[in-house]
Amino acid sequence: MRAFIALPLPDALLEPVAALQDGLEDGRVVPEEDLHITLAFLGEVRGDVIADIADMLERIDAMPVPITLDGVGGFGDDLRSLHLHVQPAGELVALAGKVKRIAEMAGTTVPRRRFTPHVTLLRRTPGPVSPNLNRWIADHAHTKIGPEWADEVVLYQSDLTKSGPIYTPLAEGWLGA
Ligand code: 2AM
C-alpha cells in the first residue's frame with residue numbers, strides 16, 4: 001500500500017486554516033480532516049513492514065513539536081498544489097529524522113529528499129493561474145499563524161482516486177506521552 005507518516009494539523013490551527021481556504025477556488029480544496037504535515041513519505045510499503053512501523057510509532061519517544069505556519073508556496077512551475085510553509089523548527093526537523101529512522105528500521109527506503117515541511121491547501125490541474133488565485137496568493141504571502149503544539153504522529157494509508165486521495169489512519173503515536 002501507499003503510505004506516509006505525518007502530523008495531523010493541530011486542532012488550534014484547523015479553524016484559521018479552514019478560514020483561509022474559504023477564499024480558494026480553481027482546484028480541489030483539501031478537506032479540514034485531511035490537513036497534515038508529512039514527516040516521511042514512504043511510497044509503496046508491504047503489509048508486514050507497515051505492521052512493524054505501526055508498532056514502533058505507537059511507542060515513539062519524542063516531545064510535542066511547535067508548528068508555525070509562515071507564508072505561502074506552491075509546487076510545480078504550473079502550480080499543481082498550493083501550500084502554507086511550516087517553519088522548520090529544530091524539534092520538527094529532529095522528529096522527521098526520528099520517524100524516518102523508524103521507517104528504515106522496519107525495512108523501507110525513505111526517498112532521500114530535503115524535508116520541506118508544508119500543509120497542502122489546494123490541488124489543481126496544472127496550468128495558468130486565475131487572477132483570483134493570484135490575488136489570494138498575493139494577499140496571503142505574509143500569513144503567519146502559531147506556534148501551536150502538535151502532539152500526535154500518524155501513519156496513513158493513501159489511496160489515490162479520481163476525486164482525490166483518501167487518507168486512512170493506520171496507527172498513531174503520542175508525543176510527550
Ligand atoms: P503534498 O501534499 O505536497 O502532495 C501524501 O501523499 C503526502 O505525502 C502528502 O503530504 C504529499 O505531499 C506527500 N508526498 C506525496 N508524494 C511524495 C513524494 N514523492 N515525496 C515526498 N512527499 C510526498
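Predicted model: local features only at pLDDT ≥ 70, side-chain atom pairs only at ≥ 80, totals over all residues.
## Backbone features

Pro-147 is placed in strand β7, which covers residues 144–150. The peptide bond that leads from Gly-146 into Pro-147 is cis, and its omega is near 5°.

Asp-26 belongs to the loop that runs between α1 (11–21) and β2 (28–29).

## The largest pocket

The volume of the largest pocket is about 1,200 Å³. Its lining is made up of 33 residues, and those closest to the centre of the pocket are Thr-38, Phe-41, Phe-75, Arg-113 and His-118.

Several elements each give two residues or more to this lining: the strands β1 (2–8), β3 (36–44), β6 (118–123), β8 (152–161) and β9 (164–174), together with the helix α3 (90–105). Strand β3 has the largest share, with five residues. By residue class, the lining of the largest pocket consists of 14 nonpolar, ten polar and nine charged residues.

## The ligand and its shell

The ligand sits in the largest pocket. Around the ligand are Arg-2, Phe-4, His-36, Thr-38, Phe-41, Phe-75, Arg-113, His-118, Thr-120, Arg-123 and Tyr-167. Thr-38, Phe-41, Phe-75, Arg-113 and His-118, the lining residues closest to the pocket centre, are among the residues of this shell.

At least two shell residues come from each of the strands β1, β3 and β6. The shell divides into four nonpolar, four polar and three charged residues.

For Thr-120, an N or O atom of the side chain is 2.5 Å from a ligand oxygen. For Thr-38, the distance between a polar side-chain atom and an oxygen atom of the ligand is 2.6 Å.

Methods:
Residues numbered from 1 in each chain as written. Heavy atoms only, no water. 1 Å grid on protein atoms, 1.4 Å probe; cavity = no way out; pocket = protein on both sides within 12 Å on 5 of 7 lines; lining within 4 Å. Points joined across faces, edges and corners; volume = space filled by probe spheres on them. Helix = DSSP H or I, 4+ residues; strand = E, 2+ residues; numbered from the N terminus. Nonpolar A, V, L, I, M, F, W, Y, C, P; charged D, E, K, R; others polar. Near = heavy atom within 4 Å. Polar contact = N/O pair within 3.5 Å; in protein donor to acceptor, adjacent residues only side chain to side chain. Sits in = over half its atoms within 2 Å of the grid points.
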